[in-house]
Each structure stands twice: as C-alpha cells, then as structure tokens.
Amino acid sequence: MALLRLRNTKGPNAAEIERKIKRGNALRQGSSWRGSRGLLALLLVALCASMVAAWLYLASLDGDITETLASRREMISPQPRVYSVQCSEDYENYKRYPGCTPQKCGRAVTDGVVTSEEAQALRRLAERGLALAGSEGGASILDLHSGALSMGKQFVNIYRYFGEQIADVFTEEDFKLYRDVRGRIQAVIAETFGLDRTLMYLTKPTFFSRINSTAAKTQHDEYWHPHIDKETYGSFDYTSLLYLSDYGSDFTGGRFVFMDQNGNRTVEPRAGRVSFFSSGSENLHRVEKVTWGTRYAITVSFTCDPSHAISDPSLP
Ligand SMILES: *[C@@H]1O[C@H](CO)[C@@H](O)[C@H](O)[C@H]1NC(C)=O
Ligand SMILES: *[C@@H]1O[C@H](CO)[C@@H](O)[C@H](O)[C@H]1NC(C)=O
C-alpha cells in the first residue's frame, strides 16, 4: 500500500524519467555485448554449460549406486545386519511349507559366521578346483555337488573327467569345512528369518564362482544381468553368498547390487562375509562387472521343498 501511494505521487514527469533510465540501460547493455564484458558473459555461459555437463556426467556415473549396505572396510559381527523388505507375491505361486516358506522377507549381511582363515582355506580349494579348467570367458564355476566345472565354452563333470585323481586336488578335510560352513550359514538364515532349520534344505545350484574382467564368450559368462533367483531357479527360497576375496584389493567392480524401485543398494564383498536374502522379486539383484582382478565367492542356496533337496558333497 505504501509503495503504491509513493508511485502515485511521482506524477507524469517521474514516468518519463523512468522510461529514459530504462532506455539508457538497454543501450548500455547492447554496447557491452560488443565490449569486454560481452566476452566475459560468454565465458561465464560456457563455464556454466561445462559445469552442468560435468555434473550430469558424474551423476550418471554415480547414479547407479545410492546406498552401501555393507562396506568392505567394516566388520559386521557378531549379529547380522538385517534389512527387512516386504515379501513379494512370488511365493503364492508355489506350495507353502510352514516353518520355511518366507513370512518375513529381507536381506542381511554378517562377518561373524565364517572366519577369514576359513575363507582363505575355501578360496584355496576354489583355486585348486578351478585351476583344473575354467571358462574362456571371465566367469567360471565349480559345483562340488554335481561335479560341474566350466571348461572352455562348456562344462565337464570333475568326478567323471578326473576320476580318482580328484583326491589329489581335494581332501576329506576340504569337504568337511565346506559342510561345516554351509551348516552355519543355514543356521544364521533360520535364526534371522525365524525358520525351523530342519525344514530348509540345500538345493542346486550351489557352487564356487571365479570372475575376472575377461569378456564373456557365452551366456554362462554373463553374470551381471539383473535377476530374481526364484524366477531363475524356481526351487530357491533363500539365497546366500559367501565371499572369498576382498572388494577393492583383490578385485574392483564386482559389488553385489540389490535393485530397489527407489534406489540401488550394494554389498561390498569381503573374505568371510556372508550375505543372504529371501529369493523372491523383493530381492531383484545383479553383480557389477568385475573391472580388475579376480573375485571368488560361493553361492549357497536353500529350498523349502524337500523334493528339491540335494545332499552335501563328498569325495567319491
Ligand atoms: C580370466 O580367467 C580366464 C580363465 O577363466 C583366463 O583365461 C584369463 O586370462 C583371465 N583374465 C585375466 C584378465 O586375468
Ligand atoms: C539402479 O542402477 C541401474 C543400473 O545398474 C540404473 O539403471 C537404475 O536407474 C538405478 N536405479 C535407481 C532407482 O537409481
């Protein structure tokens, strides 16, 4: 109100003066474009544009990763770090097994189940086994249960292919450690999700993996695609991963990524770290491409369906 009154008191002359001032401003601006100030303004615009471009570039690099659930440097022990997520409807398409079928869903990480010495021993086991062959592409697997081992573009059965010689590669002690560790993983999953551990069963595929940065040669080498374990494997109800090497020092890339609607959440591998989760579409995930070094891990899978149970491996 006060302002309005002030304007009204200016009268016609005031309006005339205002017009002149504006015209003067416009003329000065026009000439400044041709002068050094124009150059400065141009530079400023260019600078702003490149800053926006750089920001967009950085955002696109970083945009994939929104949260780190477990970093390599920290030690999550003795209790697992648990993140609950709402169960998807996937389980409704399957028979329900009380005491096992997920009622609670989520994901968890623990460094308190497998010691780094045990992880080292298992890694040496994986190294020895995978040294027998290996994929031409960057991703090789060794399944001690079925005997499947990547070889070139396909698989062989180590127990058939190497016969009794396999006893020179693996010892009874190796198998005992493997059984022991899988039992502890089963126990922590049961405890975390409130299950009866005697009603959950090891299922296939359960295998060692070795990944490096070599380009894929077949589809088997393409581990990085987003997927849902229950859709991919059907029998899976709980998936776990035991890492045998360290993100950042043994390899780069290769982080595990939960892909949620509102962001991506990563687990950084660490030798001896176990991460586990319910296998339905509430846990869509992928593994980043390994960019350097070699990443070793074991995938240990569990089902609630006794008809899909497999037994622990043992030397033939
Ligand atoms: C990756 O592993 C394969 C064997 O699976 C090997 O042939 C290749 O040389 C390795 N690549 C690197 C970069 O170490
Ligand atoms: C998660 O990462 C993928 C690529 O890995 C990206 O396409 C997607 O936009 C990311 N999701 C969110 C919500 O940021």
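This is a predicted model: local features need pLDDT of at least 70, side-chain atom pairs count only at pLDDT 80 or more; totals for chains, interfaces and linings use all residues.

Biologist: OK, how many helices and strands does the chain come to?

Modeller: The chain comes to seven helices and 16 strands, where helices (H or I, at least four residues) and strands (E, at least two) are DSSP runs numbered from the N terminus.

Biologist: And what share of the residues counts as buried?

Modeller: Of the 316 residues, 34% count as buried; a residue is buried if 20 or more other C-beta atoms, placed from the backbone, lie within 10 Å of its own, exposed if 12 or fewer, and partly exposed in between.

Biologist: Why is strand β13 largely enclosed?

Modeller: Five of the five residues of β13 (residues 274-278) are buried, so the strand is largely enclosed by the rest of the structure. Val274, Phe276 and Ser278 point one way from β13, whereas Ser275 and Phe277 point the other way.

Biologist: Which strands are joined to β13?

Modeller: Strand β3 (residues 105-110) runs antiparallel to β13 and is joined to it by four bridges, with Ala108 opposite Phe276. Strand β9 (residues 238-243) is also antiparallel to β13, through five bridges, and there Leu242 stands opposite Val274. Two strands pair if DSSP finds at least two bridges between them.

Biologist: Switching topic, which residues have the most contacts inside the largest nonpolar core?

Modeller: That core has 55 residues, and those with the most contacts inside it are Ala126, Leu142, Ile185, Leu242 and Leu244. A nonpolar core is a set of buried Ala, Val, Leu, Ile, Met, Phe, Trp, Tyr and Cys residues joined through C-beta atoms within 7 Å. Helix α6 (residues 172-193) gives the largest share of this core, six residues.

Biologist: Last one, what is around ligand 1?

Modeller: Around ligand 1 are Gly134, Ser135, Gly138, Ser140, Asn212, Ser213 and Thr214, each counted as near if its C-beta atom, placed from the backbone, lies within 6 Å of the ligand. This shell divides into no nonpolar, seven polar and no charged residues; Ala, Val, Leu, Ile, Met, Phe, Trp, Tyr, Cys and Pro count as nonpolar, Asp, Glu, Lys and Arg as charged, and the others, Gly among them, as polar.

Key:
Residues are numbered from 1 along each chain as its sequence is written. Chains are lettered from A and ligands numbered from 1 in the order in which they are written.
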